[in-house]
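Dear colleague,

Please find the structure below for your records. My findings follow it.

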Amino acid sequence: MAETLTRTGALDGWAARFAELPDSVALLAEPFHTMTSVRGETTLRPNTWVEEDGFDAVWLGPDEVLRTSPFRSAAELGGTDVSAQRTTIRLRGAHARDLLETGCAIDLHPRVFGAGSAAVTLLGQANVILLCLGENDYRILVRSSFAAYLAEWLLDAATEYRG
Amino acid sequence: MTRVDGYGRVDRTRTLRFTFDGVSYTGHPGDTLASALLAHGVRTIARSVKQDRPRGVTAVWSEDPTGLVQVEEPFPEPMLLATTIELVDGLVASSIGGRGRLAEVPDTARYDRRYAHCETLVVGAGPAGLLAARTAARRGDRVVLVDDRPAAGGSLTGTERICGRDALDFVADTLAELRAHPDVRILLRTTAFGHYDDGFVLALERRTDHLAPAPQGLSRQRVWRIRAGHVVVATGAHERPIVVADNDRPGIMLAASARDLLHRYGVLAGRRVVVFTSDDAAYDAAADLAGAGAEVTLLDPRPVRGDSRSGDYRRSRGLVLGTGAGPDGAISHVFTDQGELPCDLLLLSGGWNPTSHLFSHVRGALRYDAELGAFRPGEALAGVTVVGAANGTFDLAGCLAEGRGETPEPLPRTNLVLWRTDGDPARQYVDLQRDSTVADIARATGAGLRSVEHVKRYTTIGTAHDQGKTSGVLASAITAELLGVPIESLGTTTFRPPYTPIAFAALAGRERGQLFDPVRTTALHAWHVARGAVFEDVGQWKRARYYPLPGEAGGTEDMDTAVLRECAAVRRDVGILDGSTLGKIEVRGPDAGAFLDMIYTNLMSSLRPGRVRYGVMCGLDGMVIDDGTVLRLDDEGFLVYTTTGGAAPILDHMEEWLQTEWPHLRVTLTSVTEQWATFPVVGPRSRDVVGALAPHVDVSAAAFPFMTWQDTEVDGVPVRLARISFSGELAWEVSVDGWHAPALWRRLIALGEPYGITPYGTETMHVLRAEKGYPIIGQDTDGTVSPQDLGMSWAVSTKKVDFIGKRSFARAENRNPLRKQLVGLLPLDPTVKLPEGSQIIEQTAELPPPPVPMLGHVTSSYRSAALGRTFALALVKGGHARIGERLTVPVGGDLVPVEVTGSVLVDPEGTRRDG
């Protein structure tokens with residue numbers, strides 16, 4: 001065979017357009033994060049995520065936790081492998097929250113949605129899992145089939161902040 | 001020029017040029033189109049819609065019923081109020097006769113949306129609103145303060161004093177304090193136009209129209225979606241005219257509007273002014289206009305009072321009864337109860353109506369205040385506070401107190417409630433924009449209408465751009481007068497959003513063009529594009545419909561040619577389809593089998609690991625809602641395939657039953673639709689291709705039977721092979737995680753090359769499945785079709801105690817042999833392709849007169865490469881019993897004879913399945 005089975009990220013090919021954005025609304029595709037859905041009761045607080053031993057755990061429901069890791073395998077994380085179900089986009093910069101507020105109905109004020117917050121919500125018309133990593137620093141998990149739409153939406157939303 | 005030195009806040013050091021009705025004028029930053037025209041003495045700026053009467057500016061802001069114009073430049077827009085158009089250099093506008101004209105060029109401006117959350121939203125930056133915002137900000141609230149005008153201060157003219165200071169200095173200082181709070185957002189040029197439950201307010205911000213040229217990147221207008229813990233309505237009040245005969249002429253306006261023109265824009269709207277008022281506020285206008293050099297006569301029906309504001313104007317007790325016009329149609333004199341008075345400006349003031357729209361939008365009840373002659377907010381609403389003039393508190397001290405959250409002592413009322421004077425009702429205009437008069441209201445009540453809502457619709461009063469801001473209460477009052485009932489028994493018409501007209505473009509925001517609706521793509525989308533696929537929309541998905549090859553004449557194949565080629569290739573050699581959009585749900589837990597037994601009509605718990613079963617799901621009504629295959633993964637795990645469209649609704653359906661009816665079942669549901677890409681590899685040579693892909697797997701019919709699956713690895717990547725066929729051919733569905741999907745697909749294409757592998761699209765898939773009579777849920781079914789109707793009684797368990805839909809199968813109607821049933825149709829002329837949706841009637845040579853009994857309709861129709869002819873699937877009344885009969889399908893003017901057949905047209909014996 002000419003090629004081995006290589007991986008393709010849902011946002012491969014977008015890096016050049018992301019790179020044109022100013023630092024105030026920086027976008028970065030983070031492909032190939034392992035994700036698993038772990039079912040059963042959880043001690044996580046609703047609408048939060050925490051760093052655990054080698055992975056992040058995101059509360060998705062009273063009996064549903066999403067584990068994510070950029071380097072561990074699905075077998076190591078346990079649960080149902082849903083790694084390719086979603087892809088990850090990092091959004092940060094001075095206008096990151098401003099940009100999200102053009103298309104996300106939930107209250108993103110740091111007092112309400114600070115570091116460690118998580119929400120399943122709509123961004124534009126795409127269902128996303130939104131994680132706050134810190135002030136104006138977010139991770140967006142989006143269904144792979146919606147990734148191109150969301151990337152286009154984010155680039156368009158950034159229009160106001162381009163120089 | 002009517003511009004007066006020493007007045008106004010426009011920047012007279014700079015000059016702007018604009019054109020109105022082809023004539024060039026100048027104005028200044030801070031002007032509106034209306035103020036700039038009035039500064040040039042242009043009083044007539046529109047013609048009325050029905051009666052073609054000249055009209056001018058009647059009020060100075062969004063309540064103006066008359067001054068609608070067409071803007072041509074910078075962007076063509078119809079029916080904007082001249083009073084709300086901020087003047088910019090190069091503005092081109094023209095008068096209209098009540099109807100504007102939509103732009104014929106696309107609107108390339110940007111519109112967007114923004115969400116905001118706050119503890120306190122204050123609507124209105126007048127004195128009451130400013131203090132309410134300051135109070136909330138000092139408390140530590142997140143505050144949003146919106147005001148629809150370009151500057152804060154509300155109705156303050158600059159002549160007032162607040163806390164010992166010039167009122168406008170107080171406004172500036174308060175704004176500065178608010179701006180210093182990090183969590184206070186001040187939005188000027190922003191109209192709160194709708195108020196909904198739970199503190200949700202929509203507001204439109206006009207961001208660039210006042211800037212010429214508009215800056216790049218900024219949206220022209222923005223819809224703010226504000227969620228507030230508390231909404232403070234500080235929206236002021238609208239002055240109310242007194243209705244007199246011929247009260248619609250240019251040169252007749254509200255008293256406070258003339259005063260605002262003077263103080264805000266430095267425009268003296270008339271030199272010989274008559275003020276007709278039954279309220280004290282208009283005395284300020286009389287005094288100020290007189291102070292600016294006008295000759296002012298004030299007529300008041302009330303006895304002379306000693307404490308009215310004095311000034312250099314003449315006052316007498318009297319009534320204005322009508323007006324007269326000069327040659328230009330504008331006012332030239334008034335008729336009073338004491339004779340004629342020449343004038344070029346008549347100011348009318350019958351009191352004030354609190355602007356309580358935002359209180360009413362959330363069903364706040366208004367109550368009639370007989371002293372005020374106005375409706376004001378009644379019983380308080382949770383989460384809403386109305387302060388200042390919007391609350392019927394019209395004095396400055398009272399407004400400031402309410403803004404601070406205090407309850408001021410009400411001042412004694414001195415006004416007289418006067419709706420109209422004596423005169424010809426047919427000349428007494430109530431709604432000037434609609435040319436509706438007192439006579440029109442009399443006609444409505446004469447026709448027996450009693451409700452103001454009915455009178456509104458009969459007369460159209462209050463239905464124009466201004467939604468009756470100045471005419472609504474008058475219409476209620478005059479209706480009450482004509483009916484001889486108290487106005488409070490009638491109330492007002494309902495205030496509904498939007499408060500001012502909002503452009504559809506603003507509501508659409510960025511959801512236009514490619515962002516109108518999300519486009520969902522599979523992991524292989526780039527490959528499909530590169531291969532020249534023609535796509536079809538399946539829900540939000542873009543699916544490859546067919547892959548046209550270059551045609552003989554240099555073009556590309558049409559769909560019919562391409563699909564016939566793809567169909568033939570699949571049944572002759574091997575084809576490959578991107579089936580990744582199929583919904584996939586992992587059902588897991590000790591009770592997973594029991595759960596699926598309830599969800600499907602057939603038995604699933606008996607399926608053994610490694611096996612696959614086809615299943616049908618019904619709703620409670622026993623009608624088919626979805627179908628697909630189920631893989632048993634292990635003792636506690638199943639993988640359910642749904643249709644593409646069913647992926648989300650079927651997951652919801654399952655969750656609903658699980659969570660609400662069967663919470664005792666130990667089952668979890670996980671969507672893995674996009675985790676797995678699935679490629680059917682279909683056709684007689686598929687065994688060669690799959691065998692080459694997975695050399696360690698024995699793909700013989702004996703070792704890998706139909707409806708079984710096996711896991712393997714390709715280059716160390718887990719790959720699942722399942723012998724499932726949606727075409728009747730030997731076939732494998734090859735599944736891999738989405739990351740490896742493009743590479744595995746390319747591998748299969750390369751391995752298949754020696755066997756002539758042909759990528760095929762959804763159209764070919766549809767033809768191949770229809771040839772086998774496999775229905776597409778949602779195409780061959782419409783929510784009224786049971787499994788039995790589809791000929792699938794074999795998929796309905798008779799042994800299971802219960803499952804969703806079972807009860808309905810026992811209904812008499814479900815057993816009716818005349819139900820519509822799925823059959824095949826073969827047009828007698830094998831070249832005729834029936835349009836899908838065609839109606840089916842009894843065999844006839846001539847169309848009988850209507851009503852023609854309909855037997856059913858064509859659900860799927862194709863050309864078949866395998867059959868060498870056209871064929872169709874159809875739902876036909878009693879169809880199963882009609883097999884062999886001939887029926888007629890009217891198509892356009894033709895009557896197409898067809899033969900009813902069974903639904904399986906290709907390989908009914910199933911000999912091709914195992915290769």
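In this predicted model, 37 residues of chain B are in contact with 36 residues of chain A, where contact requires that the C-beta atoms of two residues, placed from the backbone, lie within 7 Å. On the side of chain B that touches chain A, strand 8 (111-123), strand 38 (668-671) and helix 17 (741-752) of chain B each give two or more residues. Strand 8 of chain B supplies the largest share, five residues. Helices (H or I, at least four residues) and strands (E, at least two) are DSSP runs, numbered from the N terminus. The residues on this side of chain B comprise 13 nonpolar, ten polar and 14 charged; Ala, Val, Leu, Ile, Met, Phe, Trp, Tyr, Cys and Pro count as nonpolar, Asp, Glu, Lys and Arg as charged, and the others, Gly among them, as polar.

Chain A holds an open sheet of five strands in the order 1-7-10-9-8, with antiparallel pairing; two strands pair if DSSP finds at least two bridges between them. Its edge strands are strand 1 (26-30) and strand 8 (118-123) of chain A. Strand 9 (residues 126-134) and strand 10 (residues 137-143) of chain A are joined by six bridges, and A:C132 stands opposite A:Y138 in strand 10 of chain A.

Residues are numbered from 1 along each chain as its sequence is written, while chains are lettered from A and ligands numbered from 1 in the order in which they are written. Local features need pLDDT of at least 70 and side-chain atom pairs count only at pLDDT 80 or more, whereas totals for chains, interfaces and linings use all residues.

Kind regards
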